[in-house]
Amino acid sequence: MKTIKVSLNSIDKVKTFVNEIIKYDFDFDLVSGRYVIDAKSIMGIFSLDLSKPIDLNIHAEGDKLDEVLAVLKPYAAV
């Protein structure tokens, strides 16, 4: 498992983010405080406070993890 910070501060960003990760079979969790949301759920994402970066737990390893990290680079919080 790998954890990165992502910024999903617009509706378009959330939609494209979900469309990218839905292509993968493994799990993605967004963690905000005590809430853990399935990152493939648009409705779940909108229940979080999107004004600040959120932790994304990626449940993948090896080559697939590297591939996902490259895809998620535009969403990475600085």
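Ser32 sits in strand β2 of this predicted model. Is Ser32 buried or exposed? Its relative accessible area is 14%, and the cut-off for buried is under 20%, so Ser32 counts as buried. If you skip the neighbours within four places in sequence, Ser32 is in contact with Leu48 and Ile54.

Now hop over to helix α3, where you'll find Leu65. Leu65 is buried too, with a relative accessible area of 14%. Not counting residues up to four places away in sequence, Leu65 touches Lys2, Ile58 and Ala60.

| Residue | Element | Relative accessible area | Contacts beyond four places in sequence |
|---|---|---|---|
| Ser32 | β2 | 14% | Leu48, Ile54 |
| Leu65 | α3 | 14% | Lys2, Ile58, Ala60 |

Next, the core. In soluble globular proteins, nonpolar side chains tend to be buried together. In this chain, the largest nonpolar core has 24 residues. Those with the most contacts inside this core are Leu8, Phe17, Phe28, Leu30, Leu56, Ile58 and Leu72. Which elements give two or more residues to it? They are β1 (2-6), α1 (11-21), β2 (28-32), β4 (54-58) and α3 (62-72). Helix α1 gives the most, with 4 residues.

Leaving aside neighbours within four places in sequence, Leu8 is in contact with Lys13, Val14, Phe17, Leu30, Ile45, Leu50 and Tyr75.

Let's zoom out to the protein chain. You can count 3 helices and 4 strands, and along the sequence they come in the pattern β-α-β-β-α-β-α. The radius of gyration is 11 Å, close to the 12 Å that the globule rule gives for 78 residues, so the chain is as compact as a globular protein of that length. Its C-alpha atoms fill a box of roughly 30 × 25 × 25 Å along the principal axes.

Buried residues make up 37% of the 78 residues. Of the contacts between residues at least 6 apart in sequence, 65% join residues at least 24 apart.

As for charges, the chain has 10 positive and 12 negative ones, and their mean positions are 6 Å apart.

How values were computed:
Residues are numbered from 1 along each chain as its sequence is written. This is a predicted model: local features need pLDDT of at least 70, side-chain atom pairs count only at pLDDT 80 or more; totals for chains, interfaces and linings use all residues. Side-chain values use heavy atoms; hydrogens and water are left out. The radius of gyration is taken over C-alpha atoms; the globule rule is 2.2 Å times the number of residues to the power 0.38. Buried means under 20% relative accessible area, exposed over 50%, partly exposed in between (1.4 Å probe, protein chains only). Contact means heavy atoms within 4.5 Å. Lys and Arg count as positive and Asp and Glu as negative; His and the chain ends are not counted. The place of a charge is taken as NZ of Lys, CZ of Arg, CG of Asp or CD of Glu. A nonpolar core is a set of buried Ala, Val, Leu, Ile, Met, Phe, Trp, Tyr and Cys residues joined through side-chain atoms within 4.5 Å.
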